[in-house]
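Work through the two exercises below. Each has a task and a stepwise solution.

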Amino acid sequence: MRVSFQLNGRPCTLDLDPIRRLIDVLREDLDLTGTKEGCGEGECGACTVLMDGLPVNSCLVPACQLEGVSILTIEAVADDPRRRRLLESFVEEGAVQCGFCSPGMVLSAMSLLDRCPDPALEDVRRALAGNICRCTGYERIFRAIDRSKGRAP
Amino acid sequence: MMPCHSPRTVSEAAALLRERPTVIAGGTDLMVAIHQKAIAPASLLDVTRLTEARGIRVDTALDIGAAETFAAIASHPLVLSHAPALAAAASSVGSEQIRSRATIGGNLVTASPSGDSIPPLLALDATTVIAGPGGLRELPLAGFIVGYRLTALDPTEILLRIRIPITSRFQSFAKVGPRRAVACSKVSLAGCAGLSASRFSSVRLAAGAVAPTVILLEETAAVLLHNEPTPDLAERAAAAAEREARPIDDVRSTAQYRRHVLGRLVSRFVRSAR
């Protein structure tokens with residue numbers, strides 16, 4: 001089926017199997033490999049992208065539900081100078097070790113900061129509860145998000 | 001390529017349902033099952049664009065579209081004011097990512113004994129509105145879920161809306177799992193109670209993950225009725241709930257643990273009722 005949606009701010013029209021997973025469309029059809037697949041069951045959050053501004057597990061989104069939506073992936077974060085500050089904070093705080101969870105962590109954090117520019121630690125913990133990291137113990141990730149708050153324009 | 005339809009109206013959906021497609025809403029359960037090849041749909045019916053399955057409003061009841069997401073329900077002012085137990089359950093589902101997509105209708109149709117929205121809806125005596133070839137019909141939630149992951153829905157029908165009676169009675173929701181997010185509940189409890197002259201004048205308690213379906217704790221409610229919510233009564237109700245539950249040992253927990261925790265949740269409910 002033919003689906004048209006916004007991908008990282010640009011219109012995108014594709015002919016897709018309705019049941020094809022968004023993560024496969026991104027990684028295999030569009031070569032956007034910044035989005036990672038961890039569990040494939042919606043539990044780890046590694047494949048998180050933003051759909052109409054809200055974090056979703058791209059492994060659970062079928063192509064048939066992409067019509068008319070807006071998708072934002074980690075690739076667009078690096079393109080945007082304002083959002084890039086969040087990435088820089090992750091680097092400066094050492095919030096990245098193996099890096100597999102980082103795209104999802106950044107997008108979940110970005111969605112939170114877009115809706116709530118000055119979140120309390122408890123809000124950050126709750127917003128990231130669906131993103132599993134097996135390296136950092138989360139503390140550096142929380143610090144990175146806290147650090148980026150003061151730098152938002 | 002498999003056929004997929006996203007009808008905008010119930011009449012379009014009803015016509016498509018004659019072909020018995022696999023119905024998809026938020027896809028948070030279904031997409032996993034499809035990817036793991038547990039099911040192989042021949043065709044899909046996407047209900048998320050169905051106007052009549054969207055929206056949260058109040059008329060004579062709090063009326064929630066089956067395709068509304070838990071993110072929308074958890075933060076909606078009408079849900080927060082009229083059904084705080086449901087708002088609490090909605091905000092406890094999965095993670096941000098799951099709540100952005102998972103729908104209340106999907107949770108009811110999946111009919112898992114650990115479905116988070118079911119205990120509050122059962123405690124609040126919700127009614128389901130079902131659309132099918134013959135039009136609309138209403139069914140109390142207690143009759144909608146008929147067994148383990150089993151509903152009274154015919155394959156040619158879809159769940160359209162959920163109606164919750166307006167009440168000013170005390171209500172609460174609690175769940176216990178291995179962690180606070182992205183974990184199936186080992187035990188959950190929702191309660192709705194009226195108090196008059198410091199005594200329980202009405203009680204509905206619904207417990208999740210302690211039987212093949214979410215169950216109403218009727219014997220426990222009978223222990224509470226007409227009595228004052230004292231610490232002693234809280235313990236008697238807890239003991240009644242432990243007797244009334246029918247939990248099993250499984251990968252998530254033991255029956256003994258579930259019984260014990262259910263008793264504690266019931267005790268906490270009684271002590272907090274006001």
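**Exercise 1: the chain A–chain B interface**

Between chain A and chain B, 13 residue pairs are in polar contact, both residues at pLDDT 80 or more (N or O atoms within 3.5 Å; within protein, one able to donate a hydrogen and the other to accept it, with residues adjacent in sequence counted only if both atoms are side-chain atoms). This is a predicted model, where local features need pLDDT of at least 70, side-chain atom pairs need 80 or more, and totals for chains, interfaces and linings use all residues. Residues are numbered from 1 along each chain as written, chains are lettered from A and ligands numbered from 1 in written order, and side-chain values use heavy atoms, without hydrogens and water.

Task: Which residues form the salt bridge, and how much area is buried between chain A and chain B?

Step 1. The salt bridge count is 1 (Lys or Arg side-chain nitrogen within 4 Å of an Asp or Glu carboxyl oxygen).

Step 2. A:Arg115 pairs with B:Glu96, with the closest N and O atoms 3.7 Å apart.

**Exercise 2: the domains of chain A**

Task: How many salt bridges link domain 1 and domain 2 of chain A?

Step 1. Take domain 1 as 2-75 and domain 2 as 77-148 (bounds from an automatic or database assignment).

Step 2. The salt bridge count between them is 0.

Step 3. Polar contacts link 9 residue pairs, both at pLDDT 80 or more.
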